Amino acid sequence: MRSIWNGAISFGLVSIPIKLVNATESHSISFRQIHTEDGGRIRYRKVCELEDREVTQGEIGKGYEDADGTIIPITEEDLSSLPIPTAKTIEIVAFVPADRIDPLQMDAAYYLQASGAPAAKPYTLLREALKRSNKVAIAKFALRGRERLGMLRVVGEAIAMHGLLWPDEVRAPEGLAPDTDVTVRDQELDLADALMDTLGEVDLEDLHDEYREAVEEVIAAKAAGEALPQAPEPATGGKVLDLMAALESSVRAARESRGEDAEHAEVKSLPQRKTARAAPKQTGGKKSTSTAKKTAAAKKTTAAKKSTAKSGQGTTKKTASKSTAKKTTAKKSTPRKRSA
């Protein structure tokens, strides 16, 4: 990989010669501007407005425009001799935990390559120190005409540096949050957690730029004079106005997309709050098992009570008749008194 900057890392009194290499590359498709009538290229020519002629790249330099419109020429020698220690040095100023860095500050990424054999030992020392401390190094460096902030961390067996925006370059998110009071219920949070768990993690190596691939297919088809690939029709789902229903559907769809069973993909309904209104009567459909059991039990109990009542009445009548019979027998067996 070609280096874009040569310098050194200043680690206290230790100096580590390094080369700066781009850690990322763009795979996006670039287009040329053309004249739509005849397909001719549209080019931009660099013209000197004083001489009204096109100039070559070697004739072009840098200049600063003052408030009154005066141009002050600035050469590369002027910039390379700036009175700052970071002109050719990545100066480490602190070591902090990685979570202290706001991702909003992240900018371009670079690899730091040890420059020559003498740099191998101090480079490895800094790398291992970063590993053992579980910290990142905050540094200042100058690149492309300005001083920048950077964060050094270990990637594999190399040291990477992320350019950071200065804190005053990050805008505060004022006025962006909803200005109305919103209450999020525990049930909604539970479903959101279930959706997050269902989506789970992803191997970033499996992700790819589908838009770029689609553009490449269109270019290949047009170059071959073939029909353009048809875009898939968008899903025509109805509007879901209920947040709970939307969350439940999302969990179900995520589980089904992972090949899980439809039974496992079902989301359990949450218990409804009790209200003063009576539950509506069922006009159709089978009664639940528990209701049927309760009804059968009630019928048995009623039948048992009626049977008991009848048997009780029969017993009472029999007892009464027996008692009457005894009384009658007693009366009959009593002897009459004879008169003298």
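In this predicted model, seven strands form a closed barrel in the order β1-β2-β8-β11-β10-β9-β7, with mixed pairing. From one strand to the next, the twist averages 40°. Strands here are DSSP runs of E with at least two residues, helices are runs of H or I with at least four, and both are numbered from the N terminus; two strands pair if DSSP finds at least two bridges between them. Residues are numbered from 1 along each chain as its sequence is written. Local features need pLDDT of at least 70, side-chain atom pairs count only at pLDDT 80 or more, totals for chains, interfaces and linings use all residues, and side-chain values use heavy atoms, with hydrogens and water left out.

Helix α2 (residues 120-133) packs on the sheet and touches β1 (3-11), β2 (14-22), β7 (89-97), β8 (106-114), β9 (135-143), β10 and β11, where contact means heavy atoms within 4.5 Å. The direction of α2 makes about 85° with that of β2; axes are lines fitted to C-alpha atoms, for helices over the stretch in contact, and angles run from 0 to 180 degrees between N-to-C directions.

Met151 has His162 in β11 as its bridge partner.

A search of the whole structure finds one aromatic pair. The ring centres of Phe11 and Phe95 are 5.9 Å apart and the planes lie at 70°, so this pair is edge-to-face. Rings of Phe, Tyr and Trp (its six-membered ring) pair if their centres lie within 6.5 Å, and planes under 30 degrees apart count as stacked, over 60 as edge-to-face and the rest as tilted. Because Phe11 belongs to β1 and Phe95 to β7, the pair ties together parts that are 84 residues apart in sequence.

Another antiparallel pairing joins β5 (residues 62-65) to β6 (residues 71-74) over four bridges. Lys62 is bridged to Ile74 in β6, and Gly63 stands opposite Pro73. This hairpin has five residues between the strands, and Gly69 takes a positive phi near 95°.
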